[in-house]
Amino acid sequence: MNAWGSIDDDGRPRVRGLRGWWRRQPLERKLPFAFALLLTVVGAFYTAALYREVARSAGSAVEVRLEQVGREVARLAATANNQRLETMRRVVDSVGTPAALALMSNDTMPAVLLTRGLEVAEARGNPSATSLQKLLEDARLLREAGSPGVTGSLFSENGRTFFWQLASNGDADAPGYVAMRRQLNTTGDGRSAAIQTLIGETIVLIANPGDYGGPWVQLEGPEVTPASPPEPGSNRHIRSGTSYLTYTTPVSGARWVIITETPHSVVQGRAAAFATSTIPFMIGFILLGGGLAWVIGKRITRPMRVMANAALAIGSGEYHRRVSVREGGDLGMMARAFNRMAAQVERTNTALDERVRRRTEELEMVNQELQSFSYSVSHDLRSPLRSIDGFSQALLEDYGPQLDATAQDYLKRLRGGAQRMGLLIDDLLMLSRVARQPVDRTHVDMTALAHEVIAELRTDDPSRAVRIDVQEGMTAEADRGLMYVVLQNLLGNAWKFTSHEPDPMIEFGAEDHDGVTVFHVRDNGAGFDMAYANQLFVAFQRLHSNSDFKGTGIGLTTVQRVITRHGGRVWADAALGAGATFYFTVDGGVDAGEHDSAG
Amino acid sequence: MPANTILLVEDNPDDEVLALRALTQNKIANQVDVARDGVEALEYLFGADGNPENALPQVVLLDLKLPRVDGLEVLRRIRADERTRLLPVVVLTSSSEEQDLVESYSLGANSYIIKPVDFTQFSEAVGRLGMYWLVLNRTPSRSRP
């Protein structure tokens with residue numbers, strides 16, 4: 001995880017929110033997640049389609065069954081009605097209508113004799129006015145159809161359902177029709193098991209056709225509240241708040257229809273149950289897909305991770321690190337390419353190491369030579385000077401009175417020359433030391449360091465009154481000893497070149513420029529012409545005569561050497577007679593320090 | 001009974017003359033014995049056959065760059081020997097190399113003085129060291145067996 005983390009953290013801008021989270025996830029987590037998501041979507045669509053299809057086919061299956069049951073019940077009802085009608089007609093045919101009425105009626109079962117003109121000739125059993133009304137309607141239809149008998153429409157009376165059966169005698173002379181009121185008996189008694197089996201869960205209703213109205217009676221049950229007028233064939237209706245699939249069949253020889261119905265919810269329930277039964281399968285499918293994707297993701301990311309770790313290892317110096325190639329195909333190709341690259345890096349690096357080692361050796365040799373050279377300079381070059389100076393002095397002291405003024409002057413010049421050369425040697429040694437000495441960076445209090453240098457300057461030349469401003473709290477990551485040399489030179493120069501000023505002023509401060517601390521030493525002294533600024537840091541180059549300001553011309557070269565070794569920069573800004581400002585930085589970064597520490 | 005001699009170890013005759021002159025100028029009248037290289041200095045202190053002819057000097061003024069055996073080696077032998085372990089040794093050299101300074105002190109030099117080019121300054125330095133090591137400084141008294 002660390003390997004990924006550190007790669008991820010490499011300067012890439014972090015995206016917030018869900019997108020950012022997703023981007024940060026490793027492939028082996030993304031892949032199964034994406035797969036599972038895909039399978040879930042596909043599964044959901046599939047299940048929905050399945051549900052619709054099942055619901056549709058279940059619906060048509062139910063419709064077929066409704067039709068079958070309806071037709072069968074209608075046939076049974078027609079048969080039952082026709083048997084009774086047949087009996088009535090046979091009686092009417094054999095005895096004539098009036099006698100038949102007398103024969104078939106009793107007090108509890110109203111019966112009516114109608115004339116051919118459809119007038120009530122005789123009524124028995126006390127039929128109600130409404131029922132008589134129904135009878136006349138039925139009779140009119142019978143007459144129009146010219147049929148010998150008919151089963152009339154349903155009607156309710158005192159909570160029970162009745163209908164008329166009418167039969168004609170077929171004899172044109174005899175008075176018209178005999179009608180008997182019958183009760184619709186739908187309760188289960190006497191109903192055969194065959195019918196029970198036939199209708200099953202289907203609800204069977206008996207009603208009048210079309211918009212004739214009248215009651216709806218449930219087979220095996222009471223009257224129910226009628227819904228919309230039944231139309232023949234497959235249909236739907238809402239009865240008592242429930243949605244039904246229905247089939248309406250006319251009953252032949254009767255003004256009846258058989259309505260078969262099944263609640264819509266039964267169909268939906270069946271489809272839903274089927275769809276539900278697929279859910280465990282779907283979940284299994286999704287898990288299997290996700291798991292498979294996880295395995296595939298692992299297979300892809302494992303070599304990637306191995307390579308990432310190897311790359312990190314190589315990056316941190318383990319150049320011999322390779323990845324083992326087991327896979328073929330793309331991953332194998334990648335691994336082989338990686339190994340080739342690693343080998344190249346190792347070769348290059350070894351070559352580079354070798355070159356650095358050789359260069360370092362050479363450099364060390366040169367350094368060694370330089371060191372013995374400066375040692376010799378330090379030791380051997382000064383001895384003769386000491387002799388020149390010492391014996392000139394001895395001459396002056398011991399033989400002074402015997403020498404004339406010119407001779408004495410010459411001797412003094414001899415001593416002056418020797419002493420100046422001594423200073424030159426000292427400065428040159430300092431320069432070479434600054435170039436060789438390792439840069440040891442620490443946290444340096446530049447303000448305190450400047451105060452030290454200034455105290456030294458004041459001690460060496462107590463006669464001078466120079467106003468010196470040093471900014472508080474200046475620090476630098478630098479070599480303390482070398483910074484001392486820099487300040488000694490820059491403040492020393494400012495001190496020296498303000499010596500002809502009536503009101504000498506020196507300022508040492510620092511400013512931040514884009515995160516880099518720029519130090520400056522400013523004075524109001526002699527300054528210099530910027531046209532010669534390029535000669536400032538060249539050894540032995542001086543912009544002032546030795547009679548105006550004494551110096552060796554090595555100080556600024558030393559400063560530049562120190563600053564360069566710190567990876568910094570030094571530059572100047574000045575005008576002749578208007579003072580000078582020297583700027584420098586030491587924030588060159590760690591690299592410069594590391595390279596230098598080799599010497 | 002320590003003799004009040006000064007042992008000056010110096011190979012450069014000019015420097016020797018100048019050092020003697022500076023001592024004289026500073027009115028240091030002690031006897032000055034001169035050894036012209038490291039071997040001579042060691043023979044003076046320990047004798048060629050292990051029996052030195054002279055008593056130990058009061059102070060050794062030691063140059064570092066010497067023929068045959070160099071000054072640092074002389075200093076090392078002085079400090080290694082029980083008899084001369086506490087002998088004051090002032091390194092008097094032209095070398096301003098930090099390395100020489102550090103090594104001298106770590107070998108047990110009592111002082112490290114860089115010979116200035118300017119004779120006036122040199123004379124002053126010699127005067128001061130003579131005043132300190134010959135007059136002011138007290139060393140544990142020891143006599144030769």
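This is a short tour of a predicted two-chain model, stop by stop.

Stop 1: Select chain A first. Its 599 residues are 30% buried. The secondary structure holds 13 helices and 18 strands. Of the contacts in chain A between residues at least 6 apart in sequence, 61% join residues at least 24 apart.

**Stop 2: colour chain A by confidence.** The mean pLDDT of chain A is 81, and 92% of its residues reach 70 or more. Which elements mark the lowest and highest confidence in chain A? Helix α13 of chain A (residues 590-596) is lowest, with a mean of 38. Strand β18 of chain A (residues 580-584) is highest, at 90.

Now select the two stretches at residues 1-11 and 589-599 of chain A. Over residues 1-11 of chain A, pLDDT stays under 50, and the model has eight contacts beyond four places in sequence for them. Over residues 589-599 of chain A, pLDDT also stays under 50, with 18 such contacts. Where pLDDT is low, predicted coordinates should not be read in detail.

**Stop 3: the largest nonpolar core.** Select L166(A), Y177(A), V178(A), A179(A), I206(A) and I258(A). These residues have the most contacts inside the largest nonpolar core, which has 49 residues. Helix α3 of chain A (residues 27-95) gives the most to this core, with nine residues. Apart from this core lies another, of 47 residues; A478(A), V485(A), L490(A) and L543(A) are among them. In soluble globular proteins, nonpolar side chains tend to be buried together.

Zoom in on V178(A). What does V178(A) touch, leaving out residues up to four places away in sequence? Its partners are M88(A), V92(A), T97(A), A100(A), L101(A), A111(A), L113(A) and A167(A).

**Stop 4: helix α7 of chain A.** Select residues 264-315 of chain A, the helix that carries F274(A). In sequence, T47(A) and F274(A) are 227 residues apart; in space, their C-alpha atoms are 9.6 Å apart.

**Stop 5: helix α9 of chain A.** Select residues 405-436 of chain A. This helix has 32 residues, and at 1.5 Å a residue it should span 46 Å. The C-alpha atoms at its ends are 47 Å apart, which agrees.

Which residues of α9(A) are buried? They are R415(A), A418(A), G422(A), I425(A), D427(A), L428(A), L429(A), M430(A), L431(A), R433(A) and V434(A).

**Stop 6: chain B, whole.** Chain B has five helices and five strands. From the N terminus, the order is β-α-β-α-β-α-β-α-β-α. Of its 145 residues, 38% count as buried. Among contacts in chain B with a separation of 6 or more, residues 24 or more positions apart account for 69%.

**Stop 7: where the chains meet.** Bring chain A back. The contact takes 16 residues from chain A and 16 residues from chain B. On the chain B side, α1 (13-25) and α5 (119-136) each supply at least two residues. Helix α1(B) gives the most, with four residues. Finally, colour the chain B side by residue type: four residues are nonpolar, five polar and seven charged.

Conventions. Residues numbered from 1 in each chain as written. Chains lettered and ligands numbered in written order. Predicted model: local features only at pLDDT ≥ 70, side-chain atom pairs only at ≥ 80, totals over all residues. Buried ≥ 20, exposed ≤ 12 C-beta atoms within 10 Å, placed from the backbone. Contact = placed C-beta atoms within 7 Å. Nonpolar A, V, L, I, M, F, W, Y, C, P; charged D, E, K, R; others polar. Expected span 1.5 Å × (residues − 1). Core = buried A, V, L, I, M, F, W, Y, C linked by C-beta atoms within 7 Å. pLDDT = per-residue confidence, 0-100.
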